[in-house]
Amino acid sequence: MAEAPSVKLDEIDRRILAELTRDGRLSVTAVAENVHISRAHAYSRIARLTESGVLTKFTALVDPIKAGLRASAYVTLKLRQHSWRALKDALRAIPEVHHIALVGGNFDVILLVRAVDNVDLRRVIFDQIQSMPGIIDTQTFLVFEDMDTR
């Protein structure tokens, strides 16, 4: 798979991204005011950032505890060689898997798994993830407290 070329960003682009990262619900007018550019300029910049793939989607940050997801863990996976392509779609289909990263090091993949409680977390890890063909080994790291830094 070819890597997408990076997009040249200037200071205005970076300030727009910072504003939208801070609050994705900001109107174009509010972004323009905060960045000190015209609304039309902000609109065209946001459109360019979206079309070029820099902005991929607008989403909400959810507090997992308040949303009833009281158990979280990072799960590392060691994979059989050449199993990543088949596994990534299967992992993506598990609603409790909130983040997937292919990494280098002592393991191949790290997942963030969130569940309503430890019983549900155990079900997802033991019954769904560990039973997938292509997974050689897993390690689970329970999360006691986490925070989003964005």
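# Close-up views of a predicted model

The structure holds 9 salt bridges (a salt bridge being a side-chain nitrogen of Lys or Arg within 4 Å of a carboxyl oxygen of Asp or Glu). This is a predicted model, where local features need pLDDT of at least 70 and side-chain atom pairs count only at pLDDT 80 or more, while totals for chains, interfaces and linings use all residues. Residues are numbered from 1 along each chain as its sequence is written, and side-chain values use heavy atoms, with hydrogens and water left out.

**View 1. R48 and D13 meet in a salt bridge.** Side chains of opposite charge can pair when their charged atoms come close. Here the gap from N to O is 2.6 Å. The two partners come from distant parts of the chain, 35 residues apart: R48 sits in helix α3 (residues 39-51) and D13 in helix α1. Helices (H or I, at least four residues) and strands (E, at least two) are DSSP runs, numbered from the N terminus.

**View 2. Helices α1 and α3 pack at about 85°.** Their axes are 11 Å apart. Axes are lines fitted to C-alpha atoms, for helices over the stretch in contact, and angles run from 0 to 180 degrees between N-to-C directions. The angle makes α1 roughly perpendicular to α3 (angles under 35 degrees count as roughly parallel, over 145 as roughly antiparallel, 65 to 115 as roughly perpendicular and the rest as oblique). On the α1 side, look for I12, D13, I16, L17 and L20; on the α3 side, H41, R45, I46, R48 and L49 make the contact (heavy atoms within 4.5 Å). Sorted by class, that's 6 nonpolar, 1 polar and 3 charged residues. Ala, Val, Leu, Ile, Met, Phe, Trp, Tyr, Cys and Pro count as nonpolar, Asp, Glu, Lys and Arg as charged, and the others, Gly among them, as polar.

**View 3. Helix α1 (residues 11-22) also packs with helix α2 (residues 28-35).** This time the angle is about 125° and the axes lie 10 Å apart, which makes α1 oblique to α2. I12, R15, I16, E19, L20 and R22 of α1 meet V31, N34 and V35 of α2. Count up the classes and you get 5 nonpolar, 1 polar and 3 charged residues.

**View 4. Helices α2 and α3 pack with their axes 8 Å apart.** The angle is about 105°, so α2 is roughly perpendicular to α3. From α2 come V28, T29, V31 and A32, and from α3 come R39, A42, Y43 and I46. This contact has 6 nonpolar, 1 polar and 1 charged residues.

**View 5. Four strands form an open sheet in the order β2-β3-β1-β4, with antiparallel pairing.** Two strands pair if DSSP finds at least two bridges between them. At the edges are β2 (97-102) and β4 (135-142), each pairing on one side only. From one strand to the next, the twist averages 20°.

**View 6. Strand β2 and strand β3 (residues 109-115) run antiparallel, joined by 5 bridges.** Spot I100, which stands opposite L111 in β3. Helix α4 (residues 84-92) packs on the sheet and touches β1 (71-79), β2, β3 and β4. The direction of α4 makes about 165° with that of β2.
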